[in-house]
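Here are a few exercises to work through with the model open. Try each one yourself before you read the solution.

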Amino acid sequence: MSDGIAASAVTQRLRSAVDRFVNEGLLVRPGEGARTALLFAQLLLSSAVFILGRTVRDTLFLSRFSISALPWMFVLYGVASALTVVVYSRVADKLPRAKMVVTWCGLGAVTYVGVWLAAKAHFTWIYPVFYVWSEVFANLLLSQFWTLANDLHDPRSAKRLFGTIGSARVLGVILVGVAAGAIVRAIGTQQLLFVLVAMLALIALVATRLAREPRAASAVPRPRKAPRKPKPAPSVLSDRYVVAISAMFFLTFSALTIGDYQFKAIARQTYREDALAQFFSLFYAAAGTVSFVFQLFVTPRLLARFGVGLGMTVMPAVFGAASATLLAVPALPVATVMKFADNGFQYTIHESTVQALYGPFDPALKVRTRAFLDAVVKPLAYALGGLALLLFAQPLGTIRIAFVSVALV
């Protein structure tokens, strides 16, 4: 009897501690727990699809094609991404958010199974197609998540909860990196496509459940009276501040594309097929872990003390230093550090700083600027990096092409 009372007391204290952590540590208020957990799960799965898809596409493509074909993938991705976003933007709002996620997951699952069948039939053309499609698909999957998440939160709750929810992205990278290597050893690289299909099915289930959650008041369409004097929408490129940010994005992501090429080329010289997949998964796990710690303990203090000016320099500074070092020490560990500057800092301090840069914008211009940078500038920057590789990779070689990326950053 006394043992049962003691156990009940321990359980009660544990439950109280968990409640305090959720309410005070994670800032989740009563009634928000289920919705926050579902959104966390969806982002975790979406991030896992993003990283695992990259592992599969890089392994399959690099194991069958010459590294000289990789720059064309960057160019094709830039063009395909820009075109897809233009088409997608015209149909995205015609379906409810959750139904759009389910539809997109269904399309992804069908195409991933199609890739597996084509690979089994030894259709070599499927590998470059999958290389481009997997990146376009995963990026839009993440974009759909944040659109849905914004519909379910007002500005105050978004500021309070998006940090907690957003940590699922880095956690997804870590979990995929840790698990993918073991899964590859058990079933092989191509069978990872079915793991992707299973995760897409789970995302669809979570999105279906989230469809029952009430939308935030600010996200519910309201009838609007026509203004007496309608003002024209502000032009993105008419603002010098936006032009400066666009130029910075254009140069930085072009350089990162060249670094991505170097990293993959050197990794391909060291590993092949399943061993290559295991290396990529280990890299993503390590990069995700370091990024998570950096974001939690360093980013807030760095931005609070030195501001966004210094914050914007972290990613290009580390990347530039590693690229310069690669010229003197052409080894995979150096290339790995260079690639970490992209994977490790892009979604931590760089993303946090970019969000702060949107602060001075007019509300209408803010939305248009974010869309312009993500849907136009970044894809075109990847395409520019691919063109630079087509022009200079062969005459300069895998290592000396770093002169171009250093000049860009």
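**Exercise 1.** Find the volume of the second largest pocket and work out what lines the pocket.

*Solution.* Start with the volume: the second largest pocket comes to about 230 Å³. A pocket here is an open set of points on a 1 Å grid over the protein atoms alone, where a 1.4 Å probe fits and protein lies on both sides within 12 Å along at least five of seven lines; lining residues have an atom within 4 Å of a point. Volume is the space filled by probe spheres set on the points, which are joined across faces, edges and corners. Before going on, note that this is a predicted model, with local features needing pLDDT of at least 70 and side-chain atom pairs pLDDT 80 or more, while totals for chains, interfaces and linings use all residues. Residues are numbered from 1 along each chain as its sequence is written, and side-chain values use heavy atoms, leaving out hydrogens and water.

Next, the lining: it has 13 residues, with Pro 96, Arg 97, Ala 98, Asp 151 and Arg 215 nearest the centre. Helix α4 (97–120) and α5 (126–151) each give at least two, and α4 contributes the most, three. Helices are DSSP runs (H or I, at least four residues), numbered from the N terminus.

Last, sort by type: seven are nonpolar, six charged and none polar. Nonpolar covers Ala, Val, Leu, Ile, Met, Phe, Trp, Tyr, Cys and Pro; charged covers Asp, Glu, Lys and Arg; the others, Gly among them, are polar.

**Exercise 2.** How many aromatic pairs does the whole structure hold?

*Solution.* The search turns up 19. Rings of Phe, Tyr and Trp (its six-membered ring) pair if their centres lie within 6.5 Å; planes under 30 degrees apart are stacked, over 60 edge-to-face, the rest tilted. Take Phe 61 and Phe 65: centres 4.9 Å apart and planes at 5°, so they're stacked.
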